[in-house]
Amino acid sequence: MSPRSAVAPLALAIGMLLISMVSYQCGASLAKHLFPQVGAQGATAYRLGLSALILLLWRRPWRRSGTRRDWSALWGYGLSMGAMNLVFYMSLRTIPLGIAVALEFTGPLALALFGSRRLLDFAWIALVVAGLALLLPLRGQVQTLDPVGVVYALAAGVGWALYIVLGKKAGAAHGADAVTLGTSIGALLAIPFGVAHAGSALLSPALLPYALGVAVLSSALPYSLEMVALTRLPARTFSTLLSLEPAVAAVAGVALLGERLSLLQWLAIGAIIVAAAGTALSVQRPTLTEPLAN
């Protein structure tokens, strides 16, 4: 295989991951506008329920059957997706989007740290940690953060790490159908919470366009693109590349929600982007001990 043909699949996977992050945060900003009408639980039900319906109609996974598949990984992937989305939206009720994503990112960051083998990997992770330390309001303002919202965001980080590990296994076993089936399983978890909280408000025709926007931008599109990246990148590399997520969220919060950032927080965004770029460059030379998935 020539160097150019080896780099092309990596570049495609990285590009899809970047697009998915932008789409995800735009959808999260839109979802926050639904909170006054249906709450975080209702927004989660909209997001996963409608995106599952869209994916089921598009992919029609029932046409493909197989008995030699890892269904436990698929169920774990779907349940972790549903729980991650629910607790993340619960955190957005009381803390800013950029800070919530920064806290949530502790899950993928821990996964990247545990899987590191080279000194250069730790250098990128150290830069990410420095960026997160600047991004979070740790100097005299932390008491203004709602502790319950912080706990929800950290719980979302645990779900995110499980989503990465189990998503890679589910993608290997079920291919592109893993996103459709996993989203449907996540919807089974989220919808009862949404119905219990919002009730008949979920059926309001006026909210349907916003709900569809959240479903497409936050789940159907990004999860489909992420599954492509998950099956083509090592889990450690995927996790570290996600260091861009807090930066994207912070920018989305400024542009779409009117949230303000300090100079130090903008410097943090720069540090995180540099770390993500360094990781992207390093995966162009995969090692024999950690081959890329085909």
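This is a predicted model: local features need pLDDT of at least 70, side-chain atom pairs count only at pLDDT 80 or more; totals for chains, interfaces and linings use all residues.
Local features need pLDDT of at least 70, side-chain atom pairs count only at pLDDT 80 or more, and totals for chains, interfaces and linings use all residues. Residues are numbered from 1 along each chain as its sequence is written, and side-chain values use heavy atoms, with hydrogens and water left out.

Side chains of opposite charge can pair when their charged atoms come close. The structure holds two salt bridges (a side-chain nitrogen of Lys or Arg within 4 Å of a carboxyl oxygen of Asp or Glu). One joins lysine 32 and glutamate 259, at 3.6 Å from N to O. Lysine 32 lies in helix H1 (residues 3-32), and glutamate 259 lies in the loop between helix H11 (244-257) and H12, so the pair ties together parts that are 227 residues apart in sequence. Helices are DSSP runs (H or I, at least four residues), numbered from the N terminus. Glutamate 259 is buried, at 18% relative accessible area, while lysine 32 is partly exposed, at 21%. Buried means under 20% relative accessible area, exposed over 50%, and partly exposed in between (1.4 Å probe, protein chains only).

The other bridge joins aspartate 177 and arginine 59, at 3.4 Å from N to O. This pair links distant parts of the chain: aspartate 177 is in helix H8 and arginine 59 in helix H2, 118 residues apart. Aspartate 177 is buried, with a relative accessible area of 4%. Arginine 59 is partly exposed, at 24%.

Helix H8 (residues 177-198) also packs against H9. The angle is about 130°, and the axes are 9 Å apart. H8 is therefore oblique to H9. Angles under 35 degrees count as roughly parallel, over 145 as roughly antiparallel, 65 to 115 as roughly perpendicular, and the rest as oblique. Axes are lines fitted to C-alpha atoms, for helices over the stretch in contact, and angles run from 0 to 180 degrees between N-to-C directions.

Helix H9 (residues 208-230) gives four residues, the largest share, to a nonpolar patch. The patch covers about 340 Å² of surface and is made by Ile54, Leu208, Leu212, Val216 and Leu221. Patch residues have over 30% relative accessible area and no salt bridge; like charges are joined within 9 Å, and nonpolar side chains (Val, Leu, Ile, Met, Phe, Trp, Tyr) within 5 Å. Isoleucine 54 lies in helix H2 (residues 35-59).

Glutamine 265 sits in helix H12 (residues 263-282). This residue is buried, at 10% relative accessibility. The C-alpha atoms of glutamine 265 and alanine 133 are separated by 8.9 Å, although the two are 132 residues apart along the chain.

Methods. Accessible areas come from the Shrake-Rupley method with a 1.4 Å probe; for residues, only the protein chains shown count as cover. Helices (H or I, at least four residues) and strands (E, at least two) are DSSP runs, numbered from the N terminus.
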